[in-house]
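Visitor: Pick one part of this model and take me through the packing there, please. I'd like the cut-offs as you go.

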Amino acid sequence: MKKEIYFTQTEWRRDDEVVTHYIRKRQSIYADQYHKGIIPEAELLEIITNATWAPTHKMTEPWRFVVLTDSQLVKYGTYMCSYYRNLYEDIPDAEKKLAKYNYLKDYPLKAACIIAIIFVKSTRVNIPEWEELAAVSCAVQNMAISATSFKIASYWATGGSAIDYVKTLGLAENEQSLGLFFMGYTSDSTVPVQKKRTAIDQKVTWRS
Ligand SMILES: Cc1cc2nc3c(=O)[nH]c(=O)nc-3n(C[C@H](O)[C@H](O)[C@H](O)COP(=O)(O)O)c2cc1C
């Protein structure tokens with residue numbers, strides 16, 4: 001079968017190579033490693049649109065996203081300081097206490113953008129909840145891979161503050177917080193070593 005050819009800035013690549021490249025290049029990179037930058041609107045729209053191309057059983061499209069930038073990142077920093085105040089309140093050394101406080105306050109500001117991930121349970125069809133959660137996970141993975149292709153680092157945060165903060169954005173009865181998807185820019189030198197994967201012979205059995 002004839003392979004489609006894609007042109008990249010530096011070389012020609014077959015489409016299967018492009019897909020494998022970005023799937024394996026994606027990694028969770030945390031905001032500590034971001035430097036400030038603004039995601040061009042067209043790229044952000046592409047990333048979010050690609051999220052909506054995830055497969056969904058019965059086409060429930062069980063998601064909603066809230067894009068947080070600028071003052072909303074400041075707001076989340078303030079929220080983190082309050083949420084994790086037990087992490088610094090009892091530190092006796094004033095300098096260390098302030099450093100921890102500032103770390104929390106400034107952490108979200110390193111992101112170019114944070115997307116709140118909201119699971120919207122279908123009221124139209126009755127399918128198992130796990131199927132809809134699986135669909136949202138597919139959508140988030142689409143975002144991560146798309147972001148990677150734009151040289152934007154990302155990770156999905158589901159810690160206490162991320163989950164609870166999304167709840168403050170106003171959720172309907174059939175909605176549930178699935179945390180925050182961070183995106184930002186890194187310099188090549190700060191990108192962490194990729195985590196290893198277990199060889200597939202330990203994860204797969206073959207039957208024929
Ligand atoms: C559903 C989900 C939730 C995650 N939540 C967090 C999180 O709260 N904090 C965090 O540091 N990483 C989180 N991660 C990222 C994982 O730690 C990361 O995917 C894993 O270590 C593999 O590394 P990689 O993404 O670089 O391949 C989450 C990943 C997934 C899929």
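Guide: A helix crossing is called left-handed if the near helix is turned anticlockwise from the far one by less than a right angle, and right-handed if clockwise. By that rule, H2 and H5 make a right-handed crossing. This is a predicted model, where local features need pLDDT of at least 70 and side-chain atom pairs count only at pLDDT 80 or more, while totals for chains, interfaces and linings use all residues. Numbering starts from 1 along each chain as its sequence is written.

H2 covers residues 41-51 and H5 residues 129-149; helices (H or I, at least four residues) and strands (E, at least two) are DSSP runs, numbered from the N terminus. The two helices pack at about 150°, with axes 7 Å apart (lines fitted to C-alpha atoms over the stretch in contact, angles running from 0 to 180 degrees between N-to-C directions).

Who does the touching? H2 brings Glu46, Ile47, Asn50 and Ala51, and H5 answers with Ala139, Val140, Asn142, Met143, Ser146 and Ala147. Contact here means C-beta atoms, placed from the backbone, within 7 Å. Sorted by class, the residues of this contact are six nonpolar, three polar and one charged (nonpolar: Ala, Val, Leu, Ile, Met, Phe, Trp, Tyr, Cys and Pro; charged: Asp, Glu, Lys and Arg; polar: the others, Gly among them). On the H2 side, then, you'll find Glu46 and Asn50 alongside Ile47 and Ala51, while the H5 side includes Asn142 and Ser146 as well as Val140 and Met143.

Conventions:
Contact = placed C-beta atoms within 7 Å.
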